[in-house]
Amino acid sequence: VYTYTTMIEAYCKIRKLRRAEMLFRRMQEQGLSPNAVTYTVLIGGHCKEGNLTQAFKLLDRMIGEGCRPSICTYNAIIDGLCRKGRIHKAHGLLNECIQHGLCLDKATYTILISRHCKQGNINQALKLFDDMIDHGCEPDIYTYTALISGFCKVGNLENAEKHFSEVLEKGMVPNKVTYTAMIYGHCKANQANMAIKIMDKMIENGCTPDSVTYGALIDGLCKERKVEEAR
RNA sequence: CAAUGAGCCC
């Protein structure tokens, strides 16, 4: 089962869902029962392809066969729904999780926070951030990065910086993604000089800027007509 | 640690 699951995951990663489904069928023909991980991998693969119909079909089947979905299973579907902009339905699934006795985890909240941030709905994101803390679920660097990115997107650098400081105060370590979000925010606010300072700090702290980091920076520099600097 | 979550442009 472990081996099949790993292979199914590999096919999902390279977006060969038909191959993945084939293996899923074959393992059952061999008398092997897919477990929660197998189902989650396949459901996640379909969600990433945007095939929510198939994802829900598998979820039903999983439950029908007495295989209990985990929070990872639901998170995969919640993420898929969010990507399709069906955030309301995603929120609806939270109740289903709770009915199944599952505890929402950091990923659940981060998926939703990230989505609200992308829509510029920072207040809703903050509400979820508070909710998660109320429920004893501590935000981690992923959650903070999503939130910081949300503040950057709406040009609220003050709050972005405030949460960045909070990360440090809590002893968490900002990573490449966190710094890139900050750089993007400053570029967007026409503070390219500050963005460059942040990049220097990022390098000092052992994070290597990647193509996304440079992409954000080049965009910002070009906007400020500092094409030469961008070069 | 076999499965879920965060960053630019498009």
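In which loop does Asn190 lie? The model under review is a predicted one, and the points below begin with that residue.

1. Asn190 is located in the loop between α11 (176-188) and α12 (192-204). Its phi is positive, at about 60°, although the residue is not a glycine. Asn190 is partly exposed, its relative accessible area being 48%.

2. A positive phi also occurs at Arg15, again in a residue other than glycine, with a value near 65°. Arg15 belongs to the loop between α1 (2-13) and α2 (17-29). The relative accessible area of Arg15 is 58%, so this residue is classed as exposed, the cut-off being over 50%.

3. As to secondary structure, chain A comprises 14 helices and zero strands.

4. The C-alpha trace of chain A spans about 60 × 40 × 30 Å along its principal axes. Of the 231 residues in chain A, 44% are buried. Among contacts with a separation of 6 or more, 55% are between residues 24 or more positions apart.

5. The accessible surface of chain A amounts to about 12500 Å², and carbon and sulfur atoms contribute 51% of it. Chain A carries 30 positive and 25 negative side chains. The centres of these two sets are 8 Å apart.

Terms used. Residues are numbered from 1 along each chain as its sequence is written. Chains are lettered from A and ligands numbered from 1 in the order in which they are written. This is a predicted model: local features need pLDDT of at least 70, side-chain atom pairs count only at pLDDT 80 or more; totals for chains, interfaces and linings use all residues. Side-chain values use heavy atoms; hydrogens and water are left out. Helices (H or I, at least four residues) and strands (E, at least two) are DSSP runs, numbered from the N terminus. Buried means under 20% relative accessible area, exposed over 50%, partly exposed in between (1.4 Å probe, protein chains only). Contact means heavy atoms within 4.5 Å. Accessible areas come from the Shrake-Rupley method with a 1.4 Å probe; for residues, only the protein chains shown count as cover. Lys and Arg count as positive and Asp and Glu as negative; His and the chain ends are not counted. The place of a charge is taken as NZ of Lys, CZ of Arg, CG of Asp or CD of Glu.
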